[in-house]
Amino acid sequence: MKKYLFTLLFTLAAMTASAQCPLTNKAFTSGEYLTYNLYFNWKFVWVKVGTATMSTISTKYDGQPAFKSTLITRGNGKLDKYFVMRDTLIGYVTPTLSPLYFRKGSVEQDRYTVDEVWYTYNNGTCNLKMHRQKADGTHQRFAKSSEQCVYDMLNLFSRARNFNTDGWTKGHTIKVPVADGNGMTTATLKYMGKEKVKGDNDITYMCLKLEYSEYVEKKKKWKTYGTFFVTDDNKHVPVRLDVDLNWGKAKAFVTTMRGVI
């Protein structure tokens with residue numbers, strides 16, 4: 001399983017279409033700020049082990065108007081005893097939510113890695129340049145093109161906030177290509193119905209329950225890695241995340257939502 005999965009589940013949900021996939025944003029505005037508590041299951045006890053924050057502002061990228069999103073995850077001292085986690089993600093999208101740039105800097109244990117993705121669009125084709133700085137300091141670079149919408153783990157969040165769930169029934173599945181600094185993989189999102197979920201802000205939300213799976217190329221089969229819950233409204237704000245990791249089980253619960261209008 002990719003070590004990036006826990007972060008990816010904050011951001012995943014999209015629909016494939018033509019390559020650039022322009023879309024009118026109706027879900028968020030500049031100044032939105034979300035926070036989460038992170039929990040880890042240790043010997044059958046759920047322990048708070050860190051926090052995550054997500055913010056969005058209006059800015060410019062390469063001289064053009066854009067939305068900039070930042071996602072930061074931080075483990076506390078309890079988690080550091082077992083697994084050091086310090087992730088900072090930055091993403092830019094056009095006002096019509098086409099990805100422009102993505103960067104993820106990650107400190108895990110004593111390793112530091114960087115992923116980057118650059119997007120350009122030409123005649124209905126999405127062109128990607130990808131870069132990974134590995135833990136040993138070496139670099140990998142890739143280039144790919146696709147006639148589908150392609151997203152990364154952060155810029156997908158902007159698109160996800162605007163997906164249309166009208167007519168969805170249990171079992172409805174969406175397939176989407178996801179890029180990082182190491183290439184592209186295929187992921188699916190399966191709708192599992194609705195459920196009430198209580199956040200760490202003591203507010204109960206009616207949510208859409210979504211199951212995330214990924215195609216494991218080495219094993220030639222799909223594997224389900226986690227489930228997450230987003231508000232059943234036109235904002236689709238993530239409220240709770242349940243993830244199976246190689247080193248245990250993790251959950252995240254929303255604590256604050258500011259600027260959600």
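I started with strands β7 (residues 125–133) and β8 (residues 139–146), which pair in the antiparallel sense over eight bridges. Strands here are DSSP E runs of at least two residues, numbered from the N terminus, and pairing takes at least two DSSP bridges. The model is predicted, with local features needing pLDDT of at least 70 and side-chain atom pairs pLDDT 80 or more, while totals for chains, interfaces and linings use all residues. Residues are numbered from 1 along each chain as its sequence is written, and side-chain values use heavy atoms, without hydrogens and water.

I looked up the partner of M130 and found F142 in β8. Five residues lie between the strands of this hairpin, and G137 takes a positive phi near 90 degrees there.

Next I checked L128. Leaving out residues up to four places away in sequence, L128 touches V117, W118, Y119, F142, A143, K144, V150, A179 and M184. Contact means heavy atoms within 4.5 Å.

Then I turned to the cores. A nonpolar core is a set of buried Ala, Val, Leu, Ile, Met, Phe, Trp, Tyr and Cys residues joined through side-chain atoms within 4.5 Å. Buried is under 20% relative accessible area with a 1.4 Å probe, counting protein chains only. The largest core has 39 residues, and L128, F163 and L210 have the most contacts inside it. A second, separate core has ten residues, including C149, L156, V176 and V216.

Last, I noted the whole protein. I count three helices (DSSP H or I runs of at least four residues) and 14 strands. Of the 261 residues, 51% are buried. Among contacts between residues at least 6 apart in sequence, 52% join residues at least 24 apart.

Note on methods. Buried < 20%, exposed > 50% of the residue type's maximum accessible area, 1.4 Å probe, protein only.
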